[in-house]
Amino acid sequence: MICSNLADQQDSSRKEPETGKDLPRILIVDDEPDMCWALGKALQVSHYSVATATRGAEALELVAAERFAVVLVDVKLPDLDGLELAALIRQESPQTVVVLVSGYFYPEDEAISEGLEKGLFVDFIAKPFRLEKVRAIVRRSVEASERGNCNDASSLG
Amino acid sequence: MDRQATTQEQMEQPSLASLFGCWKVFQDHLHPDELVHQVLEVMTQVTGSSTASLMLLDEDDQTLRVKAAVGLPQDIIGTAQVRLGEGIAGWVAKNRRPLMLPDGSDIPVSVRESMLGQNMCSSLCLPLSVGTHLLGVVHLTHHGDEAPFRLEDLWFASLLAERLAVALDIARFRDEQARQLQARERFIRDILKSIPSSLLVIDRSMRVVSANRNFLLKAKRDEESTLGHRIEEVFPRALMEYTQLDRQILQVFRSGQPVEGGKLAYRAPGLPNRVYYYRLVPIKGQSGVESVLLLMDDITEREQLGREVRLAERHLASVVDCANDLVISLNRQGRILTWNVAAEHASGLKMDQVNGQTLLSFCASRGQSVMADMLQKLTQGERVRNVEANLTTSDGREIPISWSCSAMREDGGEVVGIVAVGRDLTERRSLEAQLIQSAKMASLGVMAGGIAHEVRNPLGIIAISAQLLRERFNDPELPAGCLERIDKAVKRASLIIENLLKFARASREQMEKVDVHAVLDETLALLANQISLQKVALKKDFQPDLPTVYGNPDLLQQVFANLALNARNAMPEGGTLVVTTRSSRADQVELQFSDTGCGIPSENLPKIFDPFFTTRPVGQGTGLGLSICYSIVQQHRGTIEVQSQPGEGTTVTVRLPSVTDDM
C-alpha cells in the first residue's frame, strides 16, 4: 500500500496558519504516484487537506474510514474502472462529491455525459489540465458538499 | 588310233617300249575319269584281259565301288559294290597285296571259289595305294578258256597301277584344294553379300572391279552396268563433284593411307534420298596399293534419329529456359550440371561461370546448412520439404529463393542427380511487407486510444508541475520536486512516442540475433495501457537466460503485439494474460500467450490463420492479424499453433529456432 496522508505531513511541516482539521478533505485517486503528488501539491497550496490512493480498493477503504468532501477519480485504475469506483463511492458516502479526471475520455464522450446524467460524478476534467480549472471545480464541489447537496454541484460544471 | 595300233602290236609281249608308250597317258593331264578309263584300256590290251574294272574305296562305309569298267556292262559303274574283305577285290583291298589266280598259293578257298563262280579262268587283282593309303583296286579277268595271266602281266599291271594310284591321289588332292578354295571364296562372297554396308572395289584405272549386293540394291544397279565401269559412270556427277571422290581415291593410291570421307547424300533413281558415311581403305598387295575399297554406311535412320533427339533436346531446353523459375540440375555431389536462363538472370552468373561448382557455394552462408541438409537427404532417397535459402548474386546481393528439390532417378531407382527449382521471392516479399505494414497500421489504430491516455498522463504531470513552479509557492522542496517530475514525465512521454514510431515504421529487412525478452518487454510496455484499461492483468513468466533467436525484431514485435491485442480482445470483461517463454528444446524457443477469454469456437479454429477471416464487426478488425503472424513466423522457420477452449481461454504457442553455432 503506497497510501500516504500527504496533508497531515505537509501541514505540520509547513506550519500553515490554518489547522489541518479545519481544511476540507480531498482524496486523489490516480494510478500515477507523480500525478497524485503534483495534484496534491496544487490543492494544498489552495488550502485543502489531501489524501491519495493509487488503487480503487485503497480509495474505497479511505472513503469508508473518513468523510471526504471531494474525490478526484482517474478513469484508469489497475483494479477498478473509474466509473465503477465513482458509483461505489457514491454508494458508500452520498455526501461526497466525485469528479472524474482522465486522459482517456473526451468531455463529449457518451460515457461522460451518461455518468453526469446519472449523477455518478459532478464534473469531468480532461488531462492535461489547467490548475485554475481544477481549483475552481474543487472549490465549487467543496461548497456543494458542505451544503450537503452534492447534486447542486453538477450545475456548476 | 596310233596308240591303239601300237598296243595291239605289243599285245603278245608286253615290253619296255609298250610301257613307255602308254606312259604318255599320264602326261596328258587328263581328267581322272578319262585317265582311269584309258589306263584300264591299256591294261586290257597289253594283258589280253576279257574284263577290267577299277573300284575305289569309300572310307566312310569301308566299301569298294566300281568307278570304271572295260568289257563289262557300263551300268555297274557307280552301282556295283563290294565290302572290304569280300570276294577277290575285297580280299586284295583288305590285305593290300596283288593277287593272281589261279596260281596264288596262300589264297583262301572262298576267294578261289568266288573266281570260279563268276566264270573266270584267271584273275589279276592289284591294290591301288600311295604309301599306306589305299585308294582302291584294279581287277583284270580272263574268261572261258583263255590262257591265264602271266608274271609279266602282273609286273606290267603293277607298274601301271602304282603310277595310276599316284595320279589319282594327286588329282584327289587337287580336287580337295579346289573345293576348299571354292568354299573359301563362297564364304568371302557370302560375307560381302551379307555386310549391311555398301562396298565397292576400285582399281588403279578408277574402274569398279567388285560391288557387293548391298551396293547394287541400294544403288538400283546390276553387276553388268557396274563392274568394269569407271567410278564417275557409277555415281552421279553432282555427287562426284561435291565429294571429289576420284581425287580422294587417287590420294589413297598415292599415300596408302585410309581416308575418313564423311557424309554423302545419294539418291538412286526412284528411291528416296539416303545419307551415307563413307570411307576409303587401301587394299595392299605385293606391289603396293592394288585397289581401293569404298565403304558406305547407310546412316539415314541414325541421322533422322539424331535430328529427332536434337529436336527433343532443343524443345526441352527451351521449356526449361522459358521457365520463370530457376531450374538447376545437379549431380550426386551437388555440383551444377545445368543452369537455366532464369538462373542466369537472377544470379547474374552465366552457365560457364557456375558449371561444375556446387550449388551451395552460391547460397548465402545462412542458408547453406539447411540446403546441404536437404541435398544430403535427397541423395539418400529421402523426401524433403521446400526450403528457403538466399542466392548470392554476382554483385554480392542476396535474393530470397524458395527451393523445391527432387531426386532424378535411373530406371533402377538409383538417385543419379538432383533437380532444384527455385522461385525468386523478392516480389512476394515486398508484397508481404506491404501487407504487414498495412496490418501494422490497422493495429496502430486500435492502440491509439490507449497510447493517447498513456501520453496524457505525463503531459498532465508536466502541466501541473510547470504551473506550480510559476506560482512560486513558499515551499523550498517544491521546485526540485517539480523539476524532477517534469524530467521523468518528459522521458516517459518520449519513450512512448519512440516505441510508437518504432512500431509504426516499415520493418527492417535484415535478420539478426534477437533477444526475445527485450522485444517482448518493449511490445508489452507499448500495450500495457491498452491491456490494463480493460482490467486485464498481465503476467510475465520468462525463463532466465533464454537463448537468442535469429530473426527480425520489428516483425517479431508485430507478432507479439498482435497476439497480445487478440488476447485482450478476447477478454472484454477483464481477465489474465500470461506470457510465457521457455527453451523447450535445445534448438528452439517457445513463447505462449494464454488468455482467460471467450475462446474460439472449434468450427473457427481451422480458419483463424486465413487472411481476412474475422468474427468482429466490420470496421473493427481486418482479419489480417493472425495470417500475418503466421507468415512472419514461417519466414522465421518457426511454427505457430492455437489451442482454445470456448469460455475458458486461448493459448497461442509460437516456436522459433534458436541460434545455433553454425548460423
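Trainee: Which residue stands opposite B:Glu388 in S15(B)?
Mentor: As a general idea, strands of a sheet pair through backbone hydrogen bonds, either parallel or antiparallel. Here B:Glu388 faces B:Ser402 in S15(B). Strand S14 and strand S15 (residues 398-409) of chain B run antiparallel, with six bridges between them. Two strands count as paired if DSSP finds at least two bridges between them. Helices (H or I, at least four residues) and strands (E, at least two) are DSSP runs, numbered from the N terminus.

Trainee: Before we go on, what kind of model is this, and how are things labelled?
Mentor: This is a predicted model, where local features need pLDDT of at least 70, side-chain atom pairs count only at pLDDT 80 or more, and totals for chains, interfaces and linings use all residues. Residues are numbered from 1 along each chain as its sequence is written, while chains are lettered from A and ligands numbered from 1 in the order in which they are written.

Trainee: What is the strand order of the open sheet of five strands in chain B?
Mentor: Read across, the order is S13-S12-S16-S15-S14 (chain B), with antiparallel pairing. Strand S13 (336-339) and strand S14 (387-392) of chain B are the edges, each pairing on one side only. On average, neighbouring strands of this sheet are turned by 35° against each other, direction ignored. For such angles, axes are lines fitted to C-alpha atoms, for helices over the stretch in contact, and angles run from 0 to 180 degrees between N-to-C directions.

Trainee: Which helix packs on that sheet, touching S14, S15 and strand S16 (415-424) of chain B?
Mentor: That's helix H14 (residues 365-379) of chain B, whose direction makes about 120° with that of S14(B). Contact here asks that the C-beta atoms of two residues, placed from the backbone, lie within 7 Å.

Trainee: Which residues of H14(B) are buried?
Mentor: First the general idea: an α-helix has 3.6 residues a turn, so residues three or four places apart point the same way. In H14(B), the buried ones are B:Gly367, B:Met371, B:Met374, B:Leu375 and B:Leu378. The buried residues of H14(B) pack against S14, S15 and S16 of chain B. A residue is buried if 20 or more other C-beta atoms lie within 10 Å of its own, exposed if 12 or fewer, and partly exposed in between, with C-beta atoms placed from the backbone.

Trainee: What should the 15 residues of H14(B) span at 1.5 Å a residue?
Mentor: They should span 21 Å, and the end C-alpha atoms are 21 Å apart, which agrees. The expected span is 1.5 Å times one less than the number of residues. Just past H14(B), look at B:Gly381, which takes a positive phi of about 85°.

Trainee: How many bridges join S1(B) to S2(B)?
Mentor: Seven, and the two strands run antiparallel. B:Leu57 stands opposite B:Leu64 in S2(B). Their hairpin has four residues between the strands, and B:Gln62 takes a positive phi near 55° there. S1(B) is also joined to S6(B), by six bridges, with B:Leu54 opposite B:Val138 in S6(B).

Trainee: Where do helix H18 (residues 553-569) and helix H19 (residues 625-635) of chain B cross, in terms of distance and angle?
Mentor: Their axes come within 9 Å and cross at roughly 145°. Among the residues that meet are B:Leu555 and B:Val559 in H18(B), and B:Cys629 and B:Ile632 in H19(B).

Trainee: How many residues of chain A are in contact with chain B?
Mentor: 19 residues of chain A are in contact with 23 residues of chain B. Helix H2 (residues 33-45) of chain A gives the most to the chain A side, with eight residues.
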